[in-house]
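Reader: Before I set up any calculation on this chain, I would like to go through its local features one by one. Could you show me the sequence and the structure to begin with?

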Amino acid sequence: MGGKPWPGTSTRTGDVFDPATGTVADTVVFASADDVDAAVRVASDAARSWRDASLAKRSAVLFAFREIMNARRDELAAVVTAQHGKVLSDAAGEVQRGLEVVEYACGIPTLVRAGFSENVSTGVDSYAIRQPLGVVAVISPFNFPAMVPLWFVPIAIAAGNAVVLKPSEKDPGAAVLLAEWFAEAGLPEGVLNVVHGDKEAVDALLDHPAVKAVSFVGSTPVARYVYQRGTAAGKRVQALGGAKNHMVVLPDADLDLAADAAVNAGFGSAGERCMAISVVVAVEPIADELVAKIAFRMSGIRTGDGRRGCDMGPLVTGAHRDRVASYVAAGVEAGATAVVDGRDPAVDGEPGGFWLGPTLFDHVTPDMSIYRDEIFGPVLSVVRTGSYDEALTLVNDSPYGNGTAIFTNDGGAARRFQHEVEVGMVGVNVPIPVPMAYYSFGGWKASLFGDTHAHGLEGVHFFTRGKVVTSRWLDPSHGGLNLGFPTQS
């Protein structure tokens with residue numbers, strides 16, 4: 001409340017680690033259901049006045065917040081690196097992409113502008129307006145502790161809603177800092193509230209009758225749960241789930257460009273991205289050459305503390321590191337060729353950090369767990385196919401549909417792929433096709449539950465609801481009775 005975490009009464013706590021050292025850096029108090037209820041009630045009170053704030057006032061707060069964030073972006077990136085582990089350059093990129101959504105939200109006066117039709121019937125006008133929902137909840141994941149809250153919170157606030165934000169308990173510091181900056185920018189108290197917690201807090205938000213909408217990003221099983229429970233409670237829900245993103249490399253592609261892209265998109269942020277490339281589909285006869293180029297580039301990756309200028313940092317927790325390492329073991333056991341095994345990396349960091357080096361598997365088949373499951377770590381699998389059609393079928397048969405890419409110099413093949421592939425975000429010679437803020441982010445199939453994507457115009461529509469007004473102002477000469485059904489004339 002007022003730019004600070006919600007001051008609840010719960011005594012349950014959770015540890016926040018420095019992933020590069022493995023030590024506990026902080027603790028957070030997990031909100032109880034009563035704490036969440038108190039936060040929602042404060043947000044409800046604030047929403048009644050904030051919805052009546054002029055568009056000029058709302059955009060002024062967003063512009064002020066943008067200036068604060070832009071001036072102190074390095075501070076935010078440092079918090080992300082300290083609690084998540086991604087290297088500083090990657091954290092800076094996350095902050096920049098979040099800032100772009102803030103800049104988009106600054107244009108809220110034009111984003112909610114709707115249509116007006118004069119004289120739809122004699123003396124009758126009709127027009128549309130968009131109004132805020134009230135209180136909305138944002139539940140954000142650990143892998144982008146700054147960017148994902150910024151996908152939703154600025155647009156929700158600009159549209160006139162009050163927000164209860166529950167960041168990941170693993171790295172909540174970025175969300176707290178953003179809330180402080182919003183308060184500094186002039187956002188009224190209670191419009192943005194931060195509550196920490198685990199499933200108890202999530203369930204309380206999903207069940208609370210005053211919460212009108214929920215935005216969530218996380219794994220597919222939890223996204224499905226959030227969608228089902230939230231919609232059962234009558235809420236509007238956008239729940240973005242997991243991914244298994246394929247990068248198709250055709251024989252005519254620039255293999256150096258493709259190898260660079262595979263390494264950057266596979267191992268950036270230690271693979272903890274829902275848009276990470278985890279499967280390279282090599283259309284023969286180029287697989288041997290492509291795998292060799294990828295492996296050569298991997299040999300130069302420096303794994304270590306993200307504050308030391310390394311290329312790849314640790315994983316977010318020890319438990320997650322161990323889970324990802326178990327997939328590497330499963331891949332070896334299943335018969336995939338471990339071209340590079342990252343389980344015993346040389347690191348530039350403390351020995352207690354949650355380290356795992358980049359791993360490359362070749363000759364992966366669709367029945368293997370390293371292909372089927374979202375690993376969410378620095379594990380890249382190469383699947384070999386004999387044709388474009390076989391590659392396309394492989395991508396479309398996946399239960400996920402978040403992001404994909406094709407590498408080719410054939411414009412016709414690229415155009416065919418973007419038309420035929422059953423995925424929400426497509427890159428052509430671009431490995432991570434995250435849209436700009438004025439487009440919308442979101443996948444298909446098991447990567448999205450709900451009908452609305454994040455940010456862009458779809459995000460504005462998610463946080464508002466439409467109303468159509470039909471009006472007639474009678475002139476002094478008009479009058480008389482007519483009991484018939486109204487018709488156009």
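Predicted model: local features only at pLDDT ≥ 70, side-chain atom pairs only at ≥ 80, totals over all residues.

Reader: What is the phi of asparagine 119, a residue that is not a glycine?

Author: Asparagine 119 is placed in strand β3, which covers residues 116–121, and with a relative accessibility of 48% the residue counts as partly exposed. Most residues other than glycine have a negative phi. Asparagine 119, although not a glycine, has a positive phi of about 60°.

Reader: And is alanine 270 buried or exposed?

Author: Alanine 270 also has a positive phi without being a glycine, here of about 55°, and its position is in the loop between α10 (255–267) and β11. Because its relative accessible area is 1%, where under 20% is the cut-off, alanine 270 counts as buried.

Reader: Turning to charged side chains, how many salt bridges are counted, and which parts of the chain does the pair of glutamate 184 and arginine 72 tie together?

Author: The count comes to 31 salt bridges. In one of them, the side chains of glutamate 184 and arginine 72 meet at 3.3 Å, N to O. Glutamate 184 belongs to helix α7 (residues 173–184) and arginine 72 to the loop between α2 (55–71) and α3 (73–84), so the parts tied together, 112 residues apart in sequence, are helix α7 and the α2–α3 loop.

Reader: Which residues are joined into one network with Asp203 by salt bridges that share partners?

Author: The side chains of aspartate 203 and lysine 199 meet in a salt bridge at 2.6 Å, N to O, and because these residues are four apart in helix α8 (residues 199–207), about one helical turn separates them. Aspartate 203 counts as buried, with a relative accessibility of 10%. Through salt bridges with shared partners, Asp203 is joined into one network with Lys199, Asp207 and Arg229.

Reader: What is the N to O distance between glutamate 67 and arginine 66?

Author: Glutamate 67 is partly exposed, at a relative accessible area of 46%. Its side chain and that of arginine 66 meet in a salt bridge with an N to O distance of 2.8 Å.

Reader: Which residues form the positive surface patch?

Author: One member, arginine 236, lies in strand β9 (residues 236–240). Since patch residues need over 30% relative accessible area, arginine 236, partly exposed at 32%, passes that cut-off. The positive surface patch is formed by Lys212, Arg236, Arg465 and Lys467.

Reader: What area does the nonpolar surface patch with Met436 have?

Author: Methionine 436 is in the loop between β19 (425–428) and β20 (444–445), and a relative accessible area of 35% makes this residue partly exposed. Together with Tyr438 and Tyr439, Met436 makes a nonpolar surface patch of about 370 Å².

Reader: Is cysteine 106 buried or exposed, and to what number does the count of disulfides come?

Author: Cysteine 106 is buried, with a relative accessible area of 6%, and cysteine 310 is buried with a value of 6%. A disulfide requires a pair of cysteine sulfur atoms within 2.5 Å. By this rule the count of disulfides is zero.

Reader: Finally, how far apart in space are alanine 146 and aspartate 171?

Author: Alanine 146 is located in the loop between β5 (135–139) and α6 (147–158), and its relative accessible area of 0% makes alanine 146 buried. Along the sequence, alanine 146 and aspartate 171 are 25 residues apart, and their C-alpha to C-alpha distance is 9.7 Å.

Note on methods
Residues numbered from 1 in each chain as written. Heavy atoms only, no water. Patch = residues over 30% accessible without salt bridge, like charges linked within 9 Å, V, L, I, M, F, W, Y side chains within 5 Å. Areas by Shrake-Rupley, 256 points an atom, 1.4 Å probe, with all protein chains shown as cover. Salt bridge = Lys/Arg side-chain N within 4 Å of Asp/Glu carboxyl O. Lys, Arg positive; Asp, Glu negative; His and termini not counted. Charge placed at Lys NZ, Arg CZ, Asp CG, Glu CD. Helix = DSSP H or I, 4+ residues; strand = E, 2+ residues; numbered from the N terminus. Buried < 20%, exposed > 50% of the residue type's maximum accessible area, 1.4 Å probe, protein only.
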